Amino acid sequence: MKRNTYNMPDKIPVLHIITAAPQNERGIMELIDKTDIGTHYFLFDNTEFIYTVWPEWNKYKNRALVLPSKSKLSRYRYIKEAIQRSGKVVLHGMYFSRMIYYFMFHWNLNFLKKFTWIEWGADLYEWERQETTLLNKKLNSYGREIRSRIPQIIMTFPVDEITVRKKCSETAETVLLPLPSIKPMLPRIDEAYTEKKTDTLRIQIAHNALLTNNQIRILSRISKFSSENVQVIVPVAYNIGDVSNTIDKKAYKNAVIKMADYYFGKKAVPFRNMIALDHYMKYLWTVDIIIFDMYRPCGINNLLFMIYMGKKIFLPSDSDYYRYLTEHGIKVYDTNSIPDMSFEEFSSPAEKSDLSMIYDFFDYDKNIEKWKQILTSWEHFSEYANNTNNHLKNR
């Protein structure tokens, strides 16, 4: 497709905007690359950085739109122009670290009619800023306005529907659709099987360092087991502090690491760096217990991987996703019960779960077919939108 001096095609059938770390996008980009080259374009907030961190993304350069680095105004104009040339716009996660998105969408509410939002969790549950300033109040108001006007929302976990209807829109079309994987996930987990070669009880606390994962609180709760034969893994590789970046990330990360060291000394191991998924799954096979103390669905793949592996999972019993999992035959344990547990009770193997929900969630062929259908519907929407725009121009 012809490109002009803006490094932008004259027409963009489907534009994907990614405003957060792109590791969740591999499956979608691979699927698009295999099925329909040339009609989907991806706009990242920092494309050149992504090529450096993830060199494999270079294979998709023909689809990349690169933001100009000159000024905020030039970036604003570029994004606006890309949206205007698009028939369909897909927001992958609504993490607006650049405030220009808030103002652009507020000033151009008509854009939202052609938007789909794929929620990634925190952008549904934790996106609001502390309203300590007039600017933050305005940004929150714009954020609620945007979420209420987007006509289609892709949900990545069933209980998200509750929050979508309560806080976003009662009328938007909702589609439950887990993000696609590059290849079937359950066989991939099986292939990653690694035998644990120690009798040390390995405990992982959450999967990232979001404040709402309550890592410090859980460290305190399990500190009574510090004299036992345990190893405590504390992931602090990404999502440190809060989504709206109001917390000093370095200070919070250091606080989590220091508290782990205070309670467990050399038995505590900070997980500081991102690793490839296959290596991460090999590691997960050697973990005995994972504790999530968050009250919203978070780290769902981590959680479901470990349920499939037969590991022991702790969640708050008064959370929607604890109730959802237990209602579907998954055995999970209550984080609020840890203070009353003996080490024998805490460390005992997990009871067996009904894995039907897991098999359905990771049904590769079914999910890929659904994604192909949704991609086709976006392309059809794009054709309709472009035809409508041309008709209006010719009147």
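1. Contact here means heavy atoms within 4.5 Å. Under that criterion, and not counting residues up to four places away in sequence, N213 touches A206, H207, N208, F292, D293 and M294. N213 lies in the loop between β8 (201–205) and α9. Helices (H or I, at least four residues) and strands (E, at least two) are DSSP runs, numbered from the N terminus.

2. This is a predicted model, in which local features need pLDDT of at least 70 and side-chain atom pairs count only at pLDDT 80 or more, while totals for chains, interfaces and linings use all residues. Residues are numbered from 1 along each chain as its sequence is written, and side-chain values use heavy atoms, with hydrogens and water left out.

3. Is N213 buried or exposed? N213 counts as buried because its relative accessibility is 0%; the class buried means under 20% relative accessible area, exposed means over 50%, and partly exposed lies in between (1.4 Å probe, protein chains only). A206 is placed in the loop between β8 and α9 and is likewise buried at 0% relative accessibility. Although A206 is not a glycine, its phi is positive, at about 65°. N214 is found in that loop too; its phi is near 55°, a positive value in a residue other than glycine. With a relative accessible area of 21%, N214 is partly exposed.

4. How do α9 and α10 lie relative to one another? The axes of helix α9 (residues 215–222) and helix α10 (residues 249–264) come within 10 Å and cross at roughly 5°. That makes α9 roughly parallel to α10. Axes are lines fitted to C-alpha atoms, for helices over the stretch in contact, and angles run from 0 to 180 degrees between N-to-C directions. Angles under 35 degrees count as roughly parallel, over 145 as roughly antiparallel, 65 to 115 as roughly perpendicular and the rest as oblique.

5. On the α9 side of this contact are Q215, I216, L219, S220 and I222, which meet Y252, A255, V256, M259, A260, Y263 and F264 in α10. Ten of the contact residues are nonpolar, two are polar and none is charged. In this division Ala, Val, Leu, Ile, Met, Phe, Trp, Tyr, Cys and Pro are nonpolar, Asp, Glu, Lys and Arg are charged, and the others, Gly among them, are polar.

6. Strand β5 (residues 115–118) pairs with β6 in the parallel sense over three bridges, and W117 has I153 as its bridge partner in β6. β6 also pairs with strand β7 (residues 173–176), in the parallel sense over four bridges; there the partner of I153 is T174. From β6 the chain crosses through helix α7 (residues 160–168) to β7, and this β-α-β crossover is right-handed. Right-handed means that, with the strands pointing away from the viewer, the path from the first strand over the helix to the second runs clockwise. Two strands pair if DSSP finds at least two bridges between them.

7. An open sheet of six strands, with parallel pairing, runs in the order β10-β9-β8-β11-β12-β13. β10 (268–271) and β13 (333–334) stand at the edges with a single partner strand each, so one side of each is left without a neighbour in the sheet. Strand β9 (residues 230–235) pairs with β10 in the parallel sense over four bridges, and V234 stands opposite P270 in β10.

8. Why is helix α4 (residues 100–107) described as largely enclosed by the rest of the structure? The description applies because six of its eight residues are buried, namely I100, Y101, Y102, F103, M104 and F105. These buried residues pack against β1 (12–18), α3 (72–84), β4 (86–92), β5 and α6.

9. K138, in helix α6 (residues 134–149), counts as partly exposed at 37% relative accessibility; K138 and F103 are 35 residues apart in sequence and 9.7 Å apart in space, C-alpha to C-alpha. K59, in the loop between α2 (47–53) and β3 (64–66), is partly exposed at 45%. Leaving aside its neighbours within four places in sequence, K59 is in contact with E30 and D33.
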